[in-house]
Amino acid sequence: MSLALLSYRITQLVCLLPVTLGVVGTLLPSFGYFPVAGFHQLTGNYYEMFWQAPGLSSMVMATLVSGSLAISISLLLTITIFSVFYNSSSWKIWRNFLSPMLAFPHAAFALGVMFLVTPSGWYARFLALFFPELNSPPAWHTVHDVYGMTLGIVLGLKELPFLMLMALSACNQVNVSQLLRVGQSLGYHPIYVWLKIIWPQLLPQMRLPIIAVIAYSFSVVDIARILGPTTPPTLAVAIMQWFSSEQLEQRLLGSAGAVCLLVLTGVLMVGWLALEQWLVGKDGRCLINGIRSRLSLGWQWLAHITQWLVWGVWVTAVLSIVLWAFSWRWRYPDFIPSEFSLKVGLRYSDKLLSLLETTWFLALMTSVIGLLLVLGLLEAKKAQQRYALSWLYLPLLIPQVSFLFGFQWLLVSFNLDGTWTGIIWSHLIYVIPYICLALAGYLKHFDQRYLTVATMLSGRPRYSYWRIKMAMLLWPISFALAVGVAVSVAQYLPTLFAGAGRVSTLTTEAVSLAQGADYRVTGIFALAQLVVPLITYGCAFLMPYCIYRRFSMMRI
C-alpha cells in the first residue's frame with residue numbers, strides 16, 4: 001500500500017469513525033439504551049420528557065431566529081459585497097483582510113462585541129458623549145435577549161469571511177470577468193449581471209459551505225453562552241446543560257434533544273436546497289424577465305453604509321478587547337479608561353502562560369498532523385475522482401452536540417478521554433476539512449510538468465516531490481497550516497468533551513469567564529486567544545518570504 005493510499009485510509013478513519021459511532025452513541029441513549037450507566041431497556045420516554053421540557057418553545061424560537069439571522073446576514077452581505085464592490089478599491093481591502101478576519105476566534109469576536117453592546121459598553125459610552133441623560137447605563141436588552149437576535153447578528157458577521165472565501169474559490173470555476181463584459185454589452189448594469197448571471201452559477205458551487213454555516217449557526221454553543229438568551233437558553237446550550245448534569249437521566253434527555261436538533265438541522269438544510277433550486281432555477285422569472293434598468297444610486301449608497309458598519313463592528317470589537325485587557329480603571333460613562341496598567345495581566349500571568357502553552361501546542365500538533373494527512377490524501381488516486389472527498393466534510397454538516405457525546409464514550413472505551421491523543425483527535429475532525437479546503441485548489445491546478453522534469457533529471461521521485469513540488473507550494477501550505485491553527489484554537493465543545501474537564505485552553509477559559517467575570521480579566525484572555533492565530537498567520541506569510549525572498553516568481 002502506498003503512502004498516499006495509507007493516508008487516505010487513515011484520514012477516513014480519523015474523520016468518519018467519530019461521526020458515525022458518535023451519532024450512534026447519541027441515538028441509542030436517546031431511546032434509553034446506555035449499558036455503561038445501567039440502562040438496558042429501550043423506551044421513548046426521554047423524547048416525551050424532551051417535548052415536555054419547560055421553555056422548549058422559547059428554546060426552539062431563539063434557535064430558529066438566531067440561526068436564520070446568521071445565515072441570512074452572512075449570505076446577503078456576501079452577495080452584496082461581491083455584486084457592488086468587485087474589482088473596486090474596497091475589494092482590495094476585503095481580499096487583504098479576509099485571512100485575519102477568518103483567524104479571529106469565534107469566542108474572542110463574541111467577547112469583543114459583548115464589550116461593545118452591553119448597557120455599559122463602548123457604544124453606550126460613545127452616545128453618552130452627546131446625550132448627557134445617559135450618565136448611567138441604559139436599560140438595553142442588547143445581550144442575552146429572549147429571541148437571540150444579537151447572537152444571530154454576531155454569528156452572521158463572523159461567518160461572513162468564510163462565505164466570502166468560499167465564494168472566491170467558487171469564482172475560479174466561473175469566468176467572472178468574461179461574464180461581466182458580456183452582460184454589460186447586453187445593456188445590464190454590473191449588479192444585475194451578478195444577480196442574474198453570476199450568482200446563479202456560484203450558489204450551486206457554494207452549496208457545501210452554506211450548509212456547513214447552517215449546521216454551525218443552529219447548533220453553536222460557545223457564542224450562545226456569551227451572547228445568547230439564558231432563561232431559557234438556545235436549544236444547543238440547553239442540551240449541553242443536560243449533558244453536563246450529574247443525573248444520568250438528564251444525560252439521556254440531552255441525547256434525545258441532540259437527536260431532535262439533528263433532525264431540525266437536516267430539515268433546514270433540505271429547505272435551503274429547495275430555496276436554492278427556486279432561486280437559480282432555469283425557469284426563474286426574475287432571471288429571464290429582461291429588466292436592464294440601472295439600480296438606484298440609493299441602493300449602492302446602502303451597500304456602502306452597510307460595508308462601513310461591518311468594518312466598524314470588526315475594528316471596534318478588536319479595540320475594545322485591547323482596551324479592556326490593558327485598563328485599570330474605566331468607569332462609566334468615560335469613553336476611554338482613565339488609567340492603564342499591566343497589574344491584572346501580571347496577576348494572571350502564570351495561568352495565562354500555561355493556557356497559552358497548552359493552546360499553542362495543541363493547535364500546532366493538530367495542524368501539522370492534519371497537514372501531513374491532507375497532503376497524502378490529495379495525492380491518492382482515489383482523491384482525484386469527482387466527489388471522492390465529499391465524505392471529508394461530513395463533520396461540518398452535523399451539529400457538534402449531536403455526535404460529540406457519543407464520541408466521548410468512544411474515547412472512554414479506549415481510555416483516551418482527558419488525554420492529548422483524544423483531544424488532538426477531536427480537533428482533527430474539524431481541522432482536516434478546513435486544511436483540505438485551503439489546499440485542494442492549489443494542488444489541483446499545480447503543473448505536474450515541473451515534477452516530471454525534476455524526476456527525469458534526478459531519478460528520485462520522492463526527492464523531487466519534496467524539493468520541487470512542496471517548495472513551489474510552500475505559500476499555500478503555510479497558509480493552510482495557519483488555517484488549521486486558527487480552527488484548532490477556536491474549538492470549544494470538542495475540547496470540553498474529549499478533555500473530560502482535565503485540559504483547559506484559552507477558548508474554554510474565555511467562555512467561562514464571560515459568565516460574569518471582571519471585564520479586564522476577560523479581555524486579557526480574549527486578547528491572548530486572538531494573538532495565537534494572528535502570530536501564526538504572520539509567521540505563515542513571513543516564512544516563505546524569508547526562505548525564497550530572491551525568488552518572487554515562486555509565489556502562487
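A surface patch here is a group of residues with over 30% relative accessible area and no salt bridge, where nonpolar side chains are joined within 5 Å. I'm working from a predicted model, so that stays in mind throughout.

**Entry 1: the nonpolar patch.** I looked up which residues make one up. Val-24, Leu-27, Leu-28, Phe-31, Tyr-33 and Leu-42 form a nonpolar patch on the surface. Together they have about 500 Å² of accessible area. I then picked Phe-31, which sits in the loop between helix H1 (3-30) and helix H2 (45-51). Its relative accessible area is 35%, so I noted Phe-31 as partly exposed.

Entry 2: Where did I find Pro-232? Pro-232 is in the loop between helix H11 (222-227) and helix H12 (235-243). Pro-333 belongs to the loop between strand E1 (327-329) and strand E2 (339-340).

**Entry 3: positive phi.** Asn-87 isn't a glycine, yet its phi is positive, about 65 degrees. I placed Asn-87 in the loop between helix H3 (56-85) and helix H4 (89-103). Is Asn-87 buried or exposed? With 56% relative accessibility, Asn-87 counts as exposed, because the cut-off for exposed is over 50%.

Next I checked Asn-415, another residue other than glycine with a positive phi, near 55 degrees. I found Asn-415 in the loop between helix H19 (404-413) and helix H20 (420-444). Asn-415 has 62% relative accessibility, so I put it down as exposed.

Note on methods: Residues are numbered from 1 along each chain as its sequence is written. This is a predicted model: local features need pLDDT of at least 70, side-chain atom pairs count only at pLDDT 80 or more; totals for chains, interfaces and linings use all residues. Side-chain values use heavy atoms; hydrogens and water are left out. Patches are made of residues with over 30% relative accessible area and no salt bridge: like charges are joined within 9 Å, nonpolar side chains (Val, Leu, Ile, Met, Phe, Trp, Tyr) within 5 Å. Accessible areas come from the Shrake-Rupley method with a 1.4 Å probe; for residues, only the protein chains shown count as cover. A salt bridge is a side-chain nitrogen of Lys or Arg within 4 Å of a carboxyl oxygen of Asp or Glu. Helices (H or I, at least four residues) and strands (E, at least two) are DSSP runs, numbered from the N terminus. Buried means under 20% relative accessible area, exposed over 50%, partly exposed in between (1.4 Å probe, protein chains only).
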